[in-house]
Amino acid sequence: MLGHNRKMTGAECLADMLKGYGVTHVFMVPAVLRRTFAEMERRTTIKRIHTHGEKSAAYMADGYARASGKPGVCMAQVIGALNLAAGLRDAWLAHSPVIAMTGGREPKSKFRKVYQEVDDVPAFEPVTKFNATVDDVARFPDMVRQAFRTATSGTPGPVHLQFRGNEGQIDLEEAELEPLVEEQFGRVPPFRPAPDAASVNAALKALQDAERPVIVAGGGVRASGASAELIALAEALQIPVATSLNGKDTIPGTHPLSVGVVGSYSRESANRIVNAADFICFIGTETGGMTTHFWAVPKIGTPAVQIDIGPETIGRNYPLRVGVNGDAKVTLAMMLKAADRASAAKRKSWIAQADKICGEWREKYRAALTSNAVPIRPERLCYELTAHVPDDAIVVVDTGHAGMWMGGMFDLRSPRQSYMRSAGHLGWAFPAGMGAKCACPERPVVVFTGDAGFWYHIGEIETAVRWGINSVTVVNNNGSGNQSKRGFDRAYGGEQTEQARELWTYRKVNFARIAEDIGALGLRVESADAFPAALAQALAANRPAVIDVVTDIDALAPTAVT
Ligand SMILES: Cc1ncc(C[n+]2csc(CCOP(=O)(O)OP(=O)(O)O)c2C)c(N)n1
């Protein structure tokens with residue numbers, strides 16, 4: 001391959017490689033890899049999105065990756081490296097393929113108290129699958145390939161490359177370089193390993209024998225693009241489907257076999273049905289605390305099978321009848337092919353029971369979902385979003401109360417809609433939604449966040465306006481982080497003092513005015529009936545939009561049932 005005597009700079013090589021992998025945007029705070037940015041301008045159409053903080057740059061790259069399946073690239077110079085590492089934590093928790101590039105240390109000035117330096121590499125260790133330094137320009141091609149290969153392969157996840165020089169100035173150096181790209185690793189999944197047939201047959205037999213089985217589908221089904229196969233198998237065998245929060249868009253909430261999100265930020269019907277099941281088929285879920293409400297739903301000991309691309313997760317939390325190691329789409333297709341459809345008949349009364357439980361949930365929350373109360377009830381806001389979010393929208397949801405409200409009360413209506421959620425970080429959704437919009441400019445992006453979450457990266461409104469990143473952000477604005485209310489009640493031994501409210505309340509602010517001042521469309525909604533028109537106006541605006549919805553500070557989301 002080499003020996004062509006064609007020298008190029010690291011910057012030229014990196015720009016060519018990012019283009020070759022299909023990267024369309026990079027997210028960063030300068031100054032890092034400056035020469036590479038100059039080469040990107042000359043040699044590619046990659047957009048260099050200059051943000052107001054490294055953490056939001058990482059969240060944008062994460063949103064880009066989760067929306068498209070293509071690695072999201074974010075960058076920081078040495079002094080911003082730990083801010084970037086902090087931003088990788090959500091991508092790590094959500095198994096999102098993010099590639100972080102930072103400036104690093106020069107051997108000649110190490111340990112001499114050079115300006116701004118600490119050894120950043122260890123900080124990336126707990127939030128990456130591959131954490132490496134590029135110290136010689138000759139290593140650009142193979143290290144960049146390894147970054148893409150690792151981020152996308154197996155269970156996807158973030159990687160980090162530190163380039164020599166506090167601003168990555170190694171990119172100025174020249175060598176004989178081959179900017180070879182393996183396009184296969186430009187998107188998840190690069191491989192679809194087929195499981196062992198005997199394990200598939202054993203899992204299928206156990207599932208078919210069960211009278212009250214449930215499938216729990218997670219983010220692995222989403223990463224594999226296996227929704228259609230999941231739904232087809234559930235229909236063929238007549239099995240209800242619950243999802244993890246990360247797998248919420250693997251089956252529309254309006255599908256007759258969908259029972260909702262199971263676990264902590266969940267829907268009561270899903271938890272009740274999973275706990276009434278005699279058999280669980282986990283697929284593409286690591287059976288973590290959030291999905292199982294700390295292993296109470298289902299109870300440990302419930303007979304189960306688990307299907308996953310990552311062998312290390314199979315059986316981690318639940319003793320299994322059968323473990324199946326393979327890609328979700330391939331495995332589900334194999335199961336579907338061998339499925340005994342006649343076995344569905346014995347599940348008639350189970351399906352009727354599941355329908356009844358779902359109906360009871362709807363009845364229980366009907367009044368809240370359709371409430372005209374002022375200030376607005378968040379349940380009603382979720383109900384309006386279910387009805388009015390476009391058929392091909394990407395819905396991006398923050399954590400805290402936003403995660404609880406939307407996880408439990410919102411339904412996707414179409415298999416063309418996507419749902420992405422913060423894996424735990426308050427403030428993730430607004431920048432992640434911007435990244436999603438960069439990745440899929442032709443699709444509407446609707447972000448749902450609380451005001452507590454929106455404050456984190458509010459400066460990025462300016463980035464959205466500057467770059468024309470036209471996502472729509474719905475702010476559930478109750479002037480507080482009121483998910484914390486219950487916790488402080490407990491801490492104060494039952495009921496908190498009036499002064500304790502200073503621990504979780506904020507000033508009342510009109511975010512629509514702030515958005516307008518920065519150049520976005522700002523709309524304020526004070527009555528629920530006005531929301532659909534505001535959403536329609538925001539979606540049609542052709543500029544970034546913030547819908548400030550004034551909601552009830554006393555509205556607390558229901559907690560998980562066990
Ligand atoms: C980075 C980060 N820090 C702290 C938390 C803990 N946390 C969870 S919810 C919450 C308060 C926000 O409450 P919420 O009711 O979601 O806000 P609102 O919807 O009222 O804006 C906090 C501080 C977190 N999830 N992420």
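The model is predicted, so local features need pLDDT of at least 70 and side-chain atom pairs count only at pLDDT 80 or more, while totals for chains, interfaces and linings use all residues. Residues are numbered from 1 along each chain as its sequence is written, and side-chain values use heavy atoms, with hydrogens and water left out.

I will start with the ligand. Sixteen residues surround the ligand, and the closest are His401, Asp451, Ala452, Ser480 and Gln483; a residue counts as near if one of its heavy atoms lies within 4 Å of the molecule. Next, the polar contacts, meaning pairs of N or O atoms within 3.5 Å; within protein, one must be able to donate a hydrogen and the other to accept it, and residues adjacent in sequence count only if both atoms are side-chain atoms. A ligand nitrogen sits 3.0 Å from a polar backbone atom of Gly424. A nitrogen atom of the ligand is also 3.3 Å from an N or O atom in the side chain of Tyr456. On its own the ligand has 590 Å² of accessible area, and the protein covers 73% of that. Accessible areas come from the Shrake-Rupley method with a 1.4 Å probe, and for residues only the protein chains shown count as cover.

Now helix H3. Helices (H or I, at least four residues) and strands (E, at least two) are DSSP runs, numbered from the N terminus. H3 covers residues 54–68, 15 residues in total, and reaches 21 Å from first C-alpha to last, close to the 21 Å expected at 1.5 Å a residue. That expected span is 1.5 Å times one less than the number of residues. Of the 15 residues in H3, 14 are buried. Buried means under 20% relative accessible area, exposed over 50%, and partly exposed in between, with a 1.4 Å probe and protein chains only. After H3 comes Gly69, with a positive phi near 80 degrees.

Which residues other than glycine have a positive phi of about 60 degrees? Lys113 is one of them. Lys113 lies in the loop between S5 and helix H5 (121–124), and at 83% relative accessibility it is exposed. His95 also has a positive phi, near 60 degrees. His95 is in the loop between H4 and strand S5 (98–103) and is partly exposed at 29%.

Two cis peptide bonds come next. One runs from Val188 to Pro189, with omega near -5 degrees, and Pro189 lies in the loop between strand S8 (174–176) and helix H7 (197–209). Another joins Val374 and Pro375, with omega about -5 degrees; Pro375 is in the loop between H13 and helix H14 (378–388).

Ser343 is in the loop between helix H12 (328–338) and helix H13 (348–369). Is Ser343 buried or exposed? Ser343 counts as buried, at 6% relative accessibility. A polar atom of the Ser343 side chain lies 2.8 Å from the backbone oxygen of Asp340.

Last, Phe294, in the loop between helix H11 (289–292) and strand S13 (304–308). Phe294 is exposed, with a relative accessible area of 57%.
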